[in-house]
Amino acid sequence: MTPASVVGSATPESEGTSVLSLMNRERWIEVGRIVLTGFIAFLYWQQLVPLYVLWAAVAIGLYPLVKTGLEDLFTERKIGTELFVTMATLIAVFGGETVAGAVLMVIILIAEFIAELNTDRARASIKALIGSVPQTAIIREGGRERTVPIAQVKAGEIVLVRTGEKIPVDGVVVGGAAAVNQAPITGESIPQDKAVDSQVFAGTIVESGAIDVRTDRVGGDTIFSRIIALVEDAESERAPVQKLADKVATYLIPAVLIFLVGVYLVTQDVRMVVTLMIFTSPAELALATPLVIIAAIARAARVGILIKGGLYLELLAKADAIVFDKTGTLTANKPQVVRVQSFDATYTETELLRLAAAADRRSAHPLAKAVVEGAAARNIDVPEPETFEQLQARGVKATVDGKMVLVGNPALLTESGVVIDQKIEQTGSTPVHVAVDGKLVGIVYIADTLRPGAREAIAALKASGVKQIVMLTGDNAATAKAIAADLGVDEVKADLMPEDKVAAITALQKKGMKVAMVGDGVNDAPALARAEVGIAMGGGGTQAALEAADIALMTDDLNKIVAARNIARRSYCTIQENLWVGVGVVHVLGITAALMQWIGPIQAAFIHLGPDILVFLNSVKLLRVKIPGA
């Protein structure tokens with residue numbers, strides 16, 4: 001299997017291998033303990049060993065449960081599942097249900113072992129899905145090549161990466177060309193062409209070609225390492241539903257103990273009490289949410305979405321208002337000429353654009369670049385200006401073909417004595433005025449391009465239950481409204497300063513809405529922080545984006561927001577299924593069967609495996625189930 005295929009899929013075979021890799025010395029000891037206890041219980045049942053041997057086996061089996069249970073009791077002041085199971089086993093053994101108690105303990109140990117192993121297996125799948133970084137690098141120095149451990153590579157050194165190899169460092173291409181699979185970082189399925197001055201990331205794969213990379217970051221400082229760290233730490237941000245489950249488990253056990261004492265006082269039936277203890281154990285509550293969150297975070301990381309914790313999964317699932325920054329988020333921040341309007345028959349639209357592009361040719365302003373690119377797109381031959389002057393916050397003044405050409409805003413023309421005697425259309429585009437020899441001769445209209453897939457992403461978000469889509473921008477109202485109308489945005493707020501964006505989000509929250517904010521992760525940091533969940537676009541190129549938001553998208557793809565929302569909603573739904581079906585229904589039926597004396601401790605112990613398996617299977621399906629966008 002190639003590295004790329006590991007990134008793109010989680011196969012049953014690879015997962016089976018990961019289970020074996022998780023079997024460390026401690027786990028083999030645990031397997032031995034379970035087998036020994038079960039074997040001695042069988043021998044006692046066949047009357048081949050005395051009772052005290054069975055008691056010794058039970059003591060060996062209970063040791064890890066007692067140890068963990070007492071640690072929870074004295075350090076966290078709570079009665080955990082382990083102590084609960086210990087009490088059930090002892091009550092059974094010393095209450096006359098000796099074989100049933102031993103079998104119960106063995107089955108519970110098996111269930112606990114499977115649960116722990118599969119939880120660690122789900123955690124390990126995060127690295128398996130994302131990939132790994134090479135442990136060596138080929139350094140080019142003085143015309144020679146040498147292979148060194150990755151820990152010895154320093155910033156500024158040149159690293160050679162060839163076809164089929166993973167890039168070991170973050171850096172910039174200084175030689176060669178290659179097609180690079182960036183799926184481990186961005187989730188993009190199509191390899192990206194890399195040439196001189198292109199940014200590349202550790203953990204990505206050169207599928208064809210060869211490149212020399214100047215090292216910028218190595219080891220723990222790379223974007224890849226930051227992604228791994230963020231995903232592995234994501235469990236620390238616990239979702240409210242997870243906290244609720246923990247709280248319920250804490251209060252449930254004392255209530256259950258009181259209930260069981262009451263049942264015993266009424267029935268004097270130890271067998272029934274042991275059976276009830278099995279079905280009132282809160283073990284599945286501890287499994288219901290962590291497995292889902294781990295699987296959801298791993299699934300999101302696979303497609304280039306970094307979710308920093310279960311808290312943000314739940315908040316995104318519940319969000320009913322999504323606020324977008326305009327420039328660089330809904331738009332591509334690549335202005336282009338959308339129309340040329342001539343006011344003078346002497347100058348055709350082509351001639352007007354030729355003169356404007358010639359004047360703007362030496363300017364670095366984004367609007368000037370758009371004018372020059374617009375002329376190039378129309379195959380217009382643009383001459384060099386004879387003279388050129390950049391006027392700050394106004395535009396440019398240049399001599400082209402012996403004519404004095406002004407290109408800029410109305411202030412430039414007014415200050416130069418040019419009369420603006422034409423009505424300028426308010427089309428939502430930015431008008432660039434062009435004057436020749438003291439006369440206004442036309443307008444070049446420039447508009448930012450919509451980000452590909454923006455309309456579809458907003459429509460999909462609305463279909464997912466988002467009640468209000470809001471666009472916030474510092475741009476003028478006419479431009480903002482035109483873009484909003486094109487996208488299907490519900491509300492527009494323009495001419496905003498950063499603090500105004502924060503106020504707009506606060507106003508939505510006062511209406512009782514759960515707000516998600518989408519921005520670039522740096523300029524919109526205050527607004528991202530104020531929203532319930534902040535989503536940063538394009539985190540693949542900046543560590544600041546990883547730090548600024550609760551969710552970081554590794555590419556500037558708005559469909560990733562839809563995917564993140566769908567993953568969040570699916571995971572929240574799965575948690576509810578685990579709690580209500582996997583735990584609630586099964587346990588209620590089991591308690592009913594126990595009270596009706598339809599089943600005993602041994603049958604209950606076997607049935608108890610059902611919710612464990614059900615919760616596990618329902619949780620890990622998030623790694624494979626079809627989710628739109630993911």
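**Entry 1: helix H4**

I began with helix H4 (residues 51-75) and checked its length: at 1.5 Å a residue its 25 residues should span 36 Å, and the end C-alpha atoms lie 35 Å apart, which agrees. I note here that the model is a predicted one. I then looked for a bend along H4 and found one of about 45 degrees at Leu-62, with a proline, Pro-64, following within four residues. Going through the side chains of H4, I listed Leu-54, Ala-57, Val-58, Gly-61, Leu-62, Leu-65, Gly-69 and Asp-72 as buried, and I see that Leu-62, where the helix bends, is among these buried residues.

**Entry 2: how the helices pack**

For packed helices I record the angle between the axes and the distance between them. The axis of helix H3 (residues 25-45) comes within 9 Å of the axis of H4, and the two cross at roughly 155 degrees. That angle makes H3 roughly antiparallel to H4, and I noted the crossing of the two as left-handed.

I looked up a second pair, helix H15 (residues 349-360) and helix H16 (residues 366-377), whose axes are 8 Å apart and which pack at an angle of about 130 degrees. At that angle H15 is oblique to H16, and the crossing of H15 and H16 is again left-handed.

**Entry 3: salt bridges**

Side chains of opposite charge can pair when their charged atoms come close. How many salt bridges are there in the whole structure? My search of the whole structure gives 19, and I followed up several of them by residue.

In the pair of Lys-318 and Glu-314, the closest N and O atoms are 2.8 Å apart. Both residues sit in helix H13 (residues 310-318), and because they are 4 residues apart there, about one helical turn separates them.

I next took Asp-490 and Lys-462, whose side chains meet in a salt bridge at 3.1 Å from N to O. Asp-490 lies in the loop between helix H19 (477-487) and strand E17 (491-493), while Lys-462 belongs to helix H18 (residues 454-463), so this pair ties together parts that are 28 residues apart in sequence. Asp-490 is partly exposed, with a relative accessible area of 43%, and Lys-462 also counts as partly exposed, at 31% relative accessibility.

Elsewhere in the search, salt bridges that share partners join Arg-140, Glu-145 and Asp-212 into one network.

**Entry 4: Ala-605**

Last, I looked up Ala-605, which has its place in helix H24 (residues 601-620). Its relative accessible area is 0%, and Ala-605 is therefore buried. What is the separation between the C-alpha atoms of Ala-605 and Val-106? These C-alpha atoms are separated by 9.1 Å, although Ala-605 and Val-106 are 499 residues apart along the chain.

Definitions and conventions
Residues numbered from 1 in each chain as written. Predicted model: local features only at pLDDT ≥ 70, side-chain atom pairs only at ≥ 80, totals over all residues. Heavy atoms only, no water. Salt bridge = Lys/Arg side-chain N within 4 Å of Asp/Glu carboxyl O. Buried < 20%, exposed > 50% of the residue type's maximum accessible area, 1.4 Å probe, protein only. Expected span 1.5 Å × (residues − 1). Bend = angle between axes of the 7 residues up to and from the residue. Axes fitted to C-alpha atoms, helices over the stretch in contact; angles between N-to-C directions. Parallel < 35°, antiparallel > 145°, perpendicular 65-115°, else oblique. Left-handed = near helix turned anticlockwise from the far one by under 90°.
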